[in-house]
Amino acid sequence: MKSTEHFKRTIQAYLQQRASEDRLFAESYRKEGKNIDDCITYILNEVQRSGCNGFTDGEIYSMAVHYYDEDDVEVGNPVSCQVSVNHIVELTEEEKAEARQRAVEQYQKAELRRMQERHKRPAVKQETQVQPNLFNF
């Protein structure tokens with residue numbers, strides 16, 4: 001299956017969160033024979049059958065929950081596609097500090113290059129004209 005890994009992780013994170021908060025769903029989530037890959041395949045097949053191009057988070061999450069709740073769900077064949085997930089990625093404080101440090105280093109390098117180029121004097125080509133003198137005649 002070639003769905004976006006981010007999509008898979010997003011669905012899995014939602015399902016794990018839901019299972020931690022809902023004891024009834026936790027039992028469905030642990031059912032033998034159910035797995036995240038088949039869940040993603042089920043969702044992609046349902047989306048393809050619908051003919052729609054965009055879905056809300058709630059619609060997709062409800063398909064995932066439905067897959068785990070029902071025992072006789074037809075998963076379908078794997079679908080080869082790319083999935084877009086419109087979520088803001090939250091960075092940890094460590095990742096933010098690292099990104100900030102890289103940005104400062106890039107800025108410093110750019111300023112240093114600019115200063116070095118400013119101090120370089122363009123090589124002026126001096127055209128030497130040979131002037132005839134009286135002794136050359």
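Q: At roughly what angle do the axes of α3 and α4 cross?
A: They cross at roughly 125° and come within 9 Å. Axes here are lines fitted to C-alpha atoms (for helices, over the stretch in contact), with angles from 0 to 180 degrees between N-to-C directions. Helices are DSSP runs of H or I with at least four residues, numbered from the N terminus. A quick heads-up: this is a predicted model, where local features need pLDDT of at least 70 and side-chain atom pairs count only at pLDDT 80 or more, while totals for chains, interfaces and linings use all residues. Residues are numbered from 1 along each chain as its sequence is written, and side-chain values use heavy atoms, leaving out hydrogens and water.

Q: Why are α3 and α4 called oblique to each other?
A: Under 35 degrees counts as roughly parallel, over 145 as roughly antiparallel, 65 to 115 as roughly perpendicular, and the rest as oblique. With their axes crossing at roughly 125°, α3 and α4 are therefore oblique. Their crossing is right-handed (the near helix is turned clockwise from the far one by less than a right angle).

Q: Which residues make the contact of α3 and α4?
A: Contact means heavy atoms within 4.5 Å. From α3 come Ile36, Asp38, Cys39, Tyr42, Ile43, Glu46 and Val47, and from α4 come Ile60, Met63, Ala64, His66, Tyr67 and Tyr68. By class, that's 10 nonpolar, one polar and two charged (Ala, Val, Leu, Ile, Met, Phe, Trp, Tyr, Cys and Pro are nonpolar, Asp, Glu, Lys and Arg charged, the others polar, Gly among them).

Q: What makes α1 roughly perpendicular to α3?
A: The two pack at about 110°, with axes 10 Å apart, so α1 counts as roughly perpendicular to α3. Phe7, Lys8, Ile11, Gln12 and Leu15 of α1 touch Ile36, Asp37, Cys39, Ile40, Ile43 and Leu44 of α3. Those residues split into eight nonpolar, one polar and two charged.

Q: What about α1 and α4: how do their axes cross?
A: At roughly 65°, coming within 10 Å, and the crossing is right-handed. Phe7, Thr10, Ile11, Tyr14, Leu15 and Arg18 of α1 meet Ile60, Tyr61, Ala64, Val65 and Tyr68 of α4.

Q: What volume does the largest pocket have?
A: About 530 Å³. Of its 24 lining residues, Asn53, Phe55, Ile60, Val83 and Ser84 are closest to the centre. Two or more residues each come from α1 (5–21), α3 (36–50) and α4 (57–69), and α3 gives the most, with four. (On a 1 Å grid over the protein atoms alone, a pocket is an open set of points where a 1.4 Å probe fits, with protein on both sides within 12 Å along at least five of seven lines; lining residues have an atom within 4 Å of a point.)

Definitions and conventions
Points joined across faces, edges and corners; volume = space filled by probe spheres on them.
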